[in-house]
Amino acid sequence: MKKIITYGTFDLFHIGHYNILKRAKEHGDYLIVGVTGENYDIGRGKLNVHDSLATRIENVLKTGFADEIIVEEYLGQKIGDIIKYNIDAFVIGDDWRGKFDHLSRYCEMIYLERTKGISSTQIREETFGHYDIGMICDIVDDNQIVKEAKLVNGFEVKNVCSDDDNVLESLQEKYAIENSFDSYMDMVEESDIIYVRCSTSKRYDYIRQALESGKHVLYDPPATFKSDEIKELISLAKEKNLILMENIKMVHIYVFNQLLWMTQGGLIGDILSFNCSISKNDESRSNLFYDLSVYTLLPMLKIMGLDYEKADFNVSKDGDNIEFASMNFVYPNGRAVINVGNTIRVDNQLEIIGTKGTIRMKGDWWRSKSFELHTPGSSDVQLYTTNFEGNGFKYLIRELSSMLSNNRINSKSIFEDESIKIVEILEDVKKAEK
Ligand code: C2G
């Protein structure tokens, strides 16, 4: 009996998938089909698979060609599968030609011609639409949004605008953005989503104007230092049924959800202490201190909660510039200490101490792909990691994509009360700064 194996995602099942399964079966007597698991697809950069694993398996089964279905869960599984299932031949479409030649040591390799004119990507774009992103920016640094947006079907940074002509020219050239605009409102008109990436003092106005024009907004936080202004923006977005979302990538990354699960789900016991430090020296960005503070406050609020009893802020300044600030929060059963260095460097780290364990993230923890779990009484350190290329922007855009296709305006990664609380805290820090 000749055993064949083939693999695929089989999203939005179409004639190309049907044909390859049919022909794969014709090459042998028994066909095993490996259907990709969701985590595996995310890991290999296939971010917006639409159908659930169960639906994709069901569609493969319905063809009647598969004798057995397995789930492909990790990179490198194919070798183990060929050995385990005693496979004689591996079949795959010729879009993969050359990529699997190393498997020919284990079994026969058969590349079959792909069905022309049809793909899941094409169906996804036709069914779920296309969103043009317009970026308003005052530095020549796109935060990798141009590259990362391309990884999510249906999203593209098509328009750019800047108050500064030189910046505008450099941005358009550096990132090969199709259209540049002198007028912000003209760009807003031409875009579906606006990304506000400019100095803090300008953010509120740009966001408000975009929302008033009926456009979804993604912005570098904080939007403002005034809590009534953030509340106003949030209600404006709600009134117009628009998405208003902070660009905080950390909360969209898989490993951060694991960290939240452990801390919120009691896996490291009661939380006694949340301690983190962050510093970055970038003179090209004014008010960077406040941008950095947002990164620290969001995980604190998620892990320790919104209801601290007391807070005090110690702000050290050199002229107008904040060099360093320490923020201390007293919670009913624990403490949070946050140190933010602007021109004064501090070691970047995050530590959460619970009664049953300690979590540590070293280095640039806000963009880290891993954390350590230390358990009292054990010398074993467990490492939780997630692997991906880039800065994680694609995961944020993927959430945006899911919100748009489900007609949901509220992000579940950053809740409205957290957004408001962050601005309220920054408002208090501003007062302490004086
Ligand atoms: N296919 C085809 N013709 C199309 C589209 C897809 O013949 N028009 C084939 C692909 O070549 C592949 C199979 O259908 O053999 C499944 O395609 P996808 O669902 O796109 O899966 P893919 O990302 O190619 O996964 O481990 C996963 C595999 O390596 C392949």
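**View 1. Helices α2 (38-43), α5 (120-128), α11 (254-264), α12 (288-304) and α13 (393-405) each contribute at least two residues to the lining of the largest pocket.** Helices (H or I, at least four residues) and strands (E, at least two) are DSSP runs, numbered from the N terminus. The model is predicted: local features need pLDDT of at least 70, side-chain atom pairs count only at pLDDT 80 or more, and totals for chains, interfaces and linings use all residues. Residues are numbered from 1 along each chain as its sequence is written, and side-chain values use heavy atoms, with hydrogens and water left out.

**View 2. The largest pocket has 50 lining residues.** A pocket is an open set of points on a 1 Å grid over the protein atoms alone, where a 1.4 Å probe fits, with protein on both sides within 12 Å along at least five of seven lines; lining residues have an atom within 4 Å of a point. Nearest the centre of the largest pocket lie E38, I42, L47, Y395 and R398. Its volume is about 1,300 Å³, a volume being the space filled by probe spheres set on the points, which are joined across faces, edges and corners.

**View 3. The second largest pocket has a volume of about 790 Å³.** Of its 38 lining residues, H17, K46, D95, W96 and R114 lie nearest the centre. At least two lining residues come from each of β1 (3-8), α1 (15-26), β4 (89-93) and α5; the largest share, 4 residues, belongs to α1. Domain 1 (3-121) and domain 2 (129-248) each provide at least three residues of this lining, the domain bounds coming from an automatic or database domain assignment.
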